[in-house]
Amino acid sequence: MDVDIWAWVADTQRQLHEAGNTGLAIALGDLPAQAFEGRYPQLDVMAPAVAQQAETLELPWLELFARHWHLAGRIGDRAQGAVALGDAEALVEFAGREDVRECPSVPAAAEALAVTQANTDGPGYAAERLAALGAVLEGVRPGTPAFCGLVTQYVAALLDAGEAEQAVTYHESAVAGHRGAGGQVSWELAAMGVRALLAAGRSQEALTELDSAKEFPAEDPVAKDHREGVLRALVLALVGRPSEALDALPDLDVVGDHPRDWVEWARAVRLLDEVISNTWQLGRVMRQWMTYFETMGVHRGRVELALIAGDLAVRRQAAWQARALADLAESWIGALRSAEGLAERVAELRAAADAVKPLPPPGPQDELVAYFDAADGHNADPERWVGWLWPLSGTDLPATRRHTTTLGFLGYAPIGADILWKTIVEDGDPATAEEEDVAYLTGVLVEAGQDERLERVAALLPPAGSHLALARLHRARERWAEAAEEAEKSLQAGAEGTIALESRRILAGAAQQLGDNAKGAAVLRELVESDAGEEEDVWRMIVMATAAEDWPLVRVGAAKLGMPIASAEGPIEEEWHLVRVVLPVSDGSRREVLAVRTGPATARLLIPQPRGMDYNAGDVVVIDPRPLEPVPEDAEAQEGYVIPFAAVSMLRPGGYTSWFFDGAAPTEEDWTEFNEVMAERGWPMWVYSDENYTVAHPSSGERLAGVYGWIAVPPQVGASELDAVLDDATERWSHPLAWLDLARSVGVEVERHERIVKEYGL
């Protein structure tokens with residue numbers, strides 16, 4: 001276990017490179033960065049792929065490393081709890097295998113399980129965490145890289161066990177031992193010591209400890225600043241320095257991306273409620289956080305957030321929300337292993353809510369709907385309107401609609417669903433209800449996750465409305481075949497008016513998701529030509545017709561929008577303007593590529609991409625014509641601005657092949673000439689290096705400005721032709737350019753290019 005993890009990574013990368021597994025070597029080095037930098041879509045694709053390849057190659061240490069970093073990316077900043085417990089337990093079991101147990105990543109598996117258990121229910125798993133971590137720590141020497149992380153989690157477990165003074169003592173002893181062995185204390189370990197001092201009631205000492213740890217290196221350097229800010233705000237609030245605490249507290253839009261810090265941030269905010277903006281927006285965001293925790297199995301965290309948010313709701317006189325949060329907290333306590341003291345806190349919250357003096361409504365009760373409709377949408381407080389409309393809700397339909405939708409907006413859709421259900425189903429007849437009310441009810445039931453109720457109400461509706469209700473449900477759950485079937489049945493049942501309009505839209509959207517763009521476009525065509533649809537329907541039809549290469553229909557849509565098309569027939573392939581196309585990458589990330597828009601919903605990519613990508617220069621893609629960001633209003637900012645669009649699908653591959661080049665940068669004159677040579681032939685070329693890229697002079701070792709990138713050639717251009725052109729274009733350069741992969745492909749001067757790569761350190 002004394003093997004340095006990063007030395008092992010570097011050595012493993014070298015071995016993989018030598019064995020020809022370059023892609024695997026690169027991915028191995030990038031996994032930790034993906035976890036720390038929050039590139040989770042990429043991590044969620046790459047880490048399992050690396051682990052699977054490692055298993056195939058019979059490299060168990062590499063498999064453990066990949067699985068660990070995938071789990072770390074889930075339980076770290078994303079704070080996953082019960083949903084990750086099975087994987088964390090499986091990782092510990094894997095780490096105990098005979099062929100793995102000497103891997104330097106083994107202690108990290110025990111640490112990851114402890115973190116996952118803490119995320120799920122810290123106090124409930126405290127005893128298990130202490131036993132498991134204690135056993136692992138017996139085999140880990142102070143001063144080693146694994147020591148800090150394990151001790152951090154051991155102190156956290158002591159705190160969750162209610163042993164604050166013991167946590168302080170253990171932390172001090174472990175830190176002394178680690179430093180005595182030549183180890184560097186991590187910021188995370190120091191921060192856990194600060195939390196131990198806070199739990200022991202020694203707030204001033206905690207502030208001193210936090211100040212001394214400011215420059216400590218962090219295991220998660222990307223997260224250090226905002227995590228330090230949250231903890232500092234909490235400490236300063238506890239020592240009675242609220243204005244400084246407020247200055248230290250990260251903004252909501254910063255901390256909102258980091259679930260791991262939500263509970264601690266909320267605790268700081270509760271202590272600062274007299275100096276912060278305790279608004280309905282804060283309550284809404286915290287309710288969203290609870291929903292995330294519910295999804296991720298963060299059982300303790302959601303209860304804590306509910307109680308804190310309830311306290312804040314009381315302080316802004318939102319009694320109804322405080323009661324709702326007390327109900328939620330009480331319903332969630334059953335998922336905890338340890339619920340000591342929580343029932344009392346729920347009771348205290350309910351009592352505080354009952355003591356709130358209700359705010360007077362803005363007008364007479366029978367005029368509240370009119371007041372609601374006249375309220376300024378930007379400045380009105382929806383939280384207060386929920387309280388004011390509550391006496392009318394369930395008896396007055398206009399008030400009920402507004403009340404329940406506002407409840408849903410604030411994160412309390414199930415409460416609204418109960419009210420609407422009683423009003424429309426129990427006390428009324430859904431079959432004779434207004435379409436608008438049925439739409440409200442089904443929408444709220446979908447949002448509340450009450451699928452069984454929606455199916456029950458659908459059975460009570462006339463056929464067209466019944467099938468539409470089910471189509472809405474299937475669309476929300478992304479069951480596209482079922483959504484299409486129910487929408488079609490609604491139309492076949494004689495749907496009219498808004499029911500027919502929505503059914504057509506659902507049917508078209510489902511057809512697109514199922515890959516039948518021709519059908520989707522045909523469904524929307526009826527809306528477009530009857531003028532029953534809107535501009536968005538025209539654009540959706542154009543996108544689907546483009547994907548199906550139904551060019552006459554694309555022209556119909558363009559004419560409807562007043563968009564001139566130069567050609568009268570055939571594919572639309574014009575040169576309009578530059579755009580940025582955002583394409584999905586197979587590793588889960590997204591890549592932005594410069595392109596030229598060639599039609600209402602098409603663009604041709606201009607930039608050559610590295611080998612192995614799913615697209616390249618010359619490819620024509622279907623784009624969603626809705627810009628991904630607004631065009632700047634400022635005229636100066638508009639100059640040179642290129643609008644981004646999302647790629648929908650590949651329309652026509654260009655067949656281009658990319659080849660890599662690398663070397664010392666030539667003179668400006670030589671580089672200009674080189675660009676002209678590529679441009680004359682229409683071969684896209686793009687430099688991927690920046691001004692910081694340097695190479696080594698083969699004689700002196702002096703750092704020289706470097707350049708690397710890709711050249712893409714069309715299918716009719718062979719590798720040997722590109723090799724000859726490159727050879728001729730660069731032969732007079734003072735430093736040679738290397739294109740090793742191309743040379744190997746054509747079998748020409750391979751040794752010369754290998755020598756260039758080696759001599760210049762490319």
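## Close-up views of a predicted model

The side chains of Arg-472 and Glu-502 make a polar contact of 2.8 Å (a polar contact is a pair of N or O atoms within 3.5 Å; within protein, one must be able to donate a hydrogen and the other to accept it, and residues adjacent in sequence count only if both atoms are side-chain atoms). This is a predicted model, where local features need pLDDT of at least 70 and side-chain atom pairs count only at pLDDT 80 or more, while totals for chains, interfaces and linings use all residues. Residues are numbered from 1 along each chain as its sequence is written, and side-chain values use heavy atoms, with hydrogens and water left out.

**View 1. Arg-472 sits in helix 26, which covers residues 463–476.** Helices (H or I, at least four residues) and strands (E, at least two) are DSSP runs, numbered from the N terminus. Is Arg-472 buried or exposed? With 13% relative accessibility, Arg-472 counts as buried (buried means under 20% relative accessible area, exposed over 50%, partly exposed in between, with a 1.4 Å probe and protein chains only). Not counting residues up to four places away in sequence, Arg-472 touches Val-438, Ala-439, Thr-442, Glu-502 and Ile-506; contact means heavy atoms within 4.5 Å.

**View 2. Thr-400 is a residue of helix 22, residues 397–409.** Thr-400 has a relative accessible area of 0%, so this residue is buried. A polar atom of its side chain lies 2.7 Å from the backbone oxygen of Asp-396. Leaving aside neighbours within four places in sequence, the contacts of Thr-400 include Leu-392, Ser-393, Ile-419 and Thr-423.

**View 3. Glu-575 belongs to the loop between helix 31 (551–560) and strand 1 (578–584).** At 53% relative accessibility, Glu-575 counts as exposed. Which residue's side chain makes a polar contact with the side chain of Glu-575? Look for Arg-604, joined to Glu-575 by a polar contact of 2.9 Å. Not counting residues up to four places away in sequence, Glu-575 touches Val-596, Arg-597 and Arg-604.

**View 4. Helix 16 (residues 280–296) and helix 17 (residues 299–315) cross at roughly 165 degrees, and their axes come within 9 Å.** The axes are lines fitted to C-alpha atoms, for helices over the stretch in contact, and angles run from 0 to 180 degrees between N-to-C directions. That crossing angle makes helix 16 roughly antiparallel to helix 17 (angles under 35 degrees count as roughly parallel, over 145 as roughly antiparallel, 65 to 115 as roughly perpendicular and the rest as oblique). Among the residues making the contact are Trp-289 and Phe-293 of helix 16 and Leu-305 and Leu-312 of helix 17. The contact residues divide into 10 nonpolar, one polar and two charged (Ala, Val, Leu, Ile, Met, Phe, Trp, Tyr, Cys and Pro count as nonpolar, Asp, Glu, Lys and Arg as charged, and the others, Gly among them, as polar).

**View 5. Helix 28 (residues 497–513) packs with helix 30 (residues 535–547) at about 25 degrees, their axes 11 Å apart.** This makes helix 28 roughly parallel to helix 30. Here Arg-505, Ala-508, Gly-509 and Gln-512 in helix 28 meet Asp-537, Arg-540, Val-543 and Met-544 in helix 30. Sort those residues and you get three nonpolar, two polar and three charged.
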